[in-house]
Amino acid sequence: MGRIPDDVIRIVRDRVDIVGLIGRFVSLKPSGRNHKGLCPFHSEKTPSFLVSPDRQSFKCFGCDAGGTAITFLMRIENLSFPEAVRQLGAELGIEVPDDGPGERGVSERVTEANAIAQALYREALRAPGNPGAAYLERRGIDAATIERFAIGFAPDSWEHLARALRERGIPAGVAEQAGLVAERRSGGHYDRLRGRVTFPIRDVRGRVIGFGGRAVALGQEPKYLNTPESPVFRKRESFFGMPDALEPIRRLERAVVVEGYFDLVALARAGIDGALATCGTALSSEHARQLRRRTRRVVLLFDGDEAGQRAIERALEVLLPEEIRVHAAVLPGGLDPDDFLAQRGAEALRELVDSAPAALEIAIQRAVARGTGSPAEKADAVGRLAPLLALVPGAVECSAWAERVALAVGTQARHVEAAIRAGRRGEDPQAAVPIPVRRVSAADERKLRLLARALLDHPDLSDRAPLAQALAFAPGHPLVEVAVRLAAEGERDLEALASELSPEARSQLFALAVDEPLEGGLEAAAQALSALERYFHDRDEREVQRGLTERMRRGDPDAIAILHEKQRASEQASARWHEHEPPTELRGSSRR
Ligand SMILES: [Zn+2]
């Protein structure tokens, strides 16, 4: 690239409106003689980024970034100095001398080849009777939409484009680098996109950097074919919809992200601006950084099928670390945005985007939908969500989400937080969620079996069973799980009941079902439950006393205070017991 004369650089620098330029990327508010906003170059929550119209410069007091309009554009758009000057010059109508064809870089020559291809594709779509136009008409795409997205058509011919590029003096090597043609084994080149409707993919400056092609013939595979990566087309950072979406994204303070060309077209037809589509790849961390420079809020609108749901979670993985608030609209029943528009109309699609819930909420619902009945399922759900929660920036927000997950899954927030920490350490988050199965003695196991037995035989005793104590005594034990389930279900459809149990609990239930019922009927069962409750109570009290005795044994100096505490503990345990005292008529002979 040749040098640009200094006086041209000075004219560009003087005439550019730095507030207007930076305002395209950063939401600026007047602050005295300056303008203030959140720095696009580092992550911050309170603005320390200042733009001075007087000095035609910007400065960040957080990360020390600073400079002129030209350096701002270089940094934010990843441009070289001459590229930035040329872009500003073009916008201001200032002639920036070209350096002559011999010195131009590969990317400019590739871009030139793309521009020729784009003109040719546009022309081919206007040709009467072409299959591309017929296809677009079938899909209900009108002339205004075709114009707006500059949709074209690559004729079903091996050399339509290759020949035209040759005739216009584009070397075959350049056309190949652009990905427009591929080399034949027998020599010569052939068109890559054939018999396809074409979508030009542009960069922020509006230059065509690549193409997406949709098959128009029935059975033509693949349905979508993009030109390959090139010196100017990097799929991991390119969006279809640039640069038109930039201004609405800034104005609306949000971007809508979709996965397909026709999805984006559907949004535009529904009057939803500020949308971008990835070009045949999943949303990448480079995409996320591109978005982050322009907005802090992204609405994902992916297909309503399983793949779309997974795509939401993948998108969260790249967007959350950029401190972007992610929402996701859920399309019903496997519809894509284009189908949805056709079936429900523009108003419904706008409503869907505007009311999109937090994407994490959708991930939570999806994890919970797999089941959270048993402790193992809870651990599984938390294990799935923890890696996403670990990416939520900010301790306060992260812990709020941990509580939300705990509530949805039916576990404790501290378990979710432990799982998040494990994920951050690179450990298995699922392993951090305790599935507490207390080892119980054979005698205690017999007691728990008796509990389940009594409830299986006598559903009427449900409210008299010491379930809370059993849960505290042996949480996660399969017999306790059976007992809790039996007490909760009015119905006695064992098959249905079993289907909601963990495998261990299920086999316990079936074993009980084939066993003999309890002898002595309802009265005996009620007595057994009372005895069990007393047993749990005594056990609790012994635990408390044992703890205190241990402290005395270790030589705790305030022995008298401990004795008082022991006394108090004993009284409290007794009070607890009396609160849970069973009705008199059910007190059996086991009661002392
Ligand atoms: Zn900064």
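Student: Which residue stands opposite lysine 59 in strand 5?
Tutor: Glycine 66 stands opposite lysine 59. The model is predicted, so to speak of a local feature requires pLDDT of at least 70, side-chain atom pairs count only at pLDDT 80 or more, and totals for chains, interfaces and linings use all residues. Residues are numbered from 1 along each chain as its sequence is written.

Student: In what sense do strand 4 and strand 5 pair?
Tutor: Strand 4 and strand 5 (residues 66-67) pair in the antiparallel sense, over 2 bridges. Strands are DSSP runs of E, at least two residues, and helices are runs of H or I, at least four, numbered from the N terminus. Two strands pair if DSSP finds at least two bridges between them.

Student: Which residue has a positive phi in that hairpin?
Tutor: Aspartate 64 does, with a phi near 70°, and the hairpin has 5 residues between the strands.

Student: And over how many bridges does strand 3 pair with strand 4?
Tutor: Strand 3 (residues 49-52) pairs with strand 4 over 4 bridges, in the antiparallel sense. Valine 51 is set opposite phenylalanine 58 of strand 4. These two strands form a hairpin with 4 residues between them, and glutamine 56 in the turn has a positive phi of about 55°.

Student: Which residues of strand 4 are on its covered face?
Tutor: Phe58 and Cys60 make up the covered face of strand 4 (residues 57-60), while Ser57 and Lys59 make up the uncovered one. In a regular strand, side chains alternate between the two faces of the sheet.

Student: Changing topic, which residues of helix 8 are buried?
Tutor: In helix 8 (residues 160-167), the buried residues are Leu161, Ala162 and Leu165. A residue is buried if 20 or more other C-beta atoms, placed from the backbone, lie within 10 Å of its own, exposed if 12 or fewer, and partly exposed in between.

Student: Why do they line one face?
Tutor: Seen down the axis of helix 8, the buried residues fall within an arc of 100°, so they line one face of the helix. The arc is that of the directions from the helix axis to the C-beta atoms.

Student: What comes just after helix 8?
Tutor: Glycine 169 follows, with a positive phi of about 80°.

Student: Which residues are buried in helix 14?
Tutor: Pro337, Asp338, Phe340 and Leu341 are the buried residues of helix 14 (residues 337-344). Viewed down the axis of helix 14, they fall within an arc of 165°, so they line one face of the helix.

Student: Which residue follows helix 14?
Tutor: Glycine 345 follows helix 14, and its phi is positive, near 95°.
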